[in-house]
Each structure stands twice: as structure tokens, then as C-alpha cells.
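Hi,

Here is the structure I promised to pass on. Please open it alongside this email and have a look before reading on.

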Amino acid sequence: MVLSRGWSLFLVGVGIWTWVIWPRFAVAIWNDPRAWSAGAVGEGSPTSFLWVHALLIAASLVIGTTVGVLGVRGWLRARRPR
């Protein structure tokens, strides 16, 4: 299957968007008192709130990276003469 340039750019955009949004969300989760058993940032052990969000963030970054790579490959393939 060959992606059009438009869809390839869309996929690259989704990959970039993923890397812009999710690391910022990770910082917000880290700084949330609910993420720590002592109720203060960085004190006590991590709670399930932190672990669940860390897993979601990691999965989203992997999926976003994969989508972005597919977009780049599609863009390069669409540029080649047939």
C-alpha cells in the first residue's frame, strides 16, 4: 500500500503531536500529589495513579512514534517515481 502525501503528512503530524503533548502530561502527573503515597511531590512511594498514567504515557509515545515513522516512510515512498 502506498500512502498519499496528504495522509503521510497527517501521520507525521500525529507523531509530532504525540511527542509535544505526552511529555508535558507526564510532568503534570509527576507533580500531582496523588502520584505519591505521602501526598507531597517526590515523597513516599509511587501510587497506582502514577504507575497507570506512566503506562498510558509510554504506550502513547510508542504508538505515536510508530505512526510518525510510518508517515515518514509513506512520504518518502510517495516522492519516488513509479
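Predicted model: local features only at pLDDT ≥ 70, side-chain atom pairs only at ≥ 80, totals over all residues.

Residues are numbered from 1 along each chain as its sequence is written, and side-chain values use heavy atoms, with hydrogens and water left out.

**The two helices**

Helix α1 covers residues 5-30 and helix α2 covers residues 48-79. Helices here are DSSP runs of H or I with at least four residues, numbered from the N terminus. α1 and α2 pack at an angle of about 160 degrees, and their axes are 7 Å apart. The axes are lines fitted to C-alpha atoms over the stretch in contact, with angles running from 0 to 180 degrees between N-to-C directions. That makes α1 and α2 roughly antiparallel to each other, a label used for angles over 145 degrees. By class, their contact has 19 nonpolar, ten polar and two charged residues. Nonpolar here takes in Ala, Val, Leu, Ile, Met, Phe, Trp, Tyr, Cys and Pro; charged is Asp, Glu, Lys and Arg; the others, Gly among them, are polar.

α2, with 32 residues, reaches 47 Å from its first C-alpha to its last, close to the 46 Å expected.

**What is buried**

I call a residue buried under 20% relative accessible area, exposed over 50% and partly exposed in between, using a 1.4 Å probe and protein chains only. In α1, the buried residues are S8, G15, T18 and I29, and what covers them includes α2. In α2, the buried ones are L50, H53, I57, S60, L61, G64, G68, G71 and G74, and these pack against α1.

**Some single residues**

- S8 is in α1 and counts as buried, at 0% relative accessibility. Apart from neighbours within four places in sequence, S8 is in contact (heavy atoms within 4.5 Å) with L3, G71, G74 and W75.
- P23 is also found in α1, and at 29% relative accessibility P23 counts as partly exposed. Leaving aside neighbours within four places in sequence, P23 touches T18 and L61.
- A28 is another residue of α1; A28 is partly exposed, with a relative accessible area of 46%. The C-alpha atoms of A28 and R77, 49 residues apart along the chain, are separated by 38 Å.
- D32 sits in the loop between α1 and α2 and is buried, with a relative accessible area of 15%. From D32 to G42, ten residues along the chain, the C-alpha atoms are separated by 9.5 Å.

Cheers

Terms used: Parallel < 35°, antiparallel > 145°, perpendicular 65-115°, else oblique. Expected span 1.5 Å × (residues − 1).
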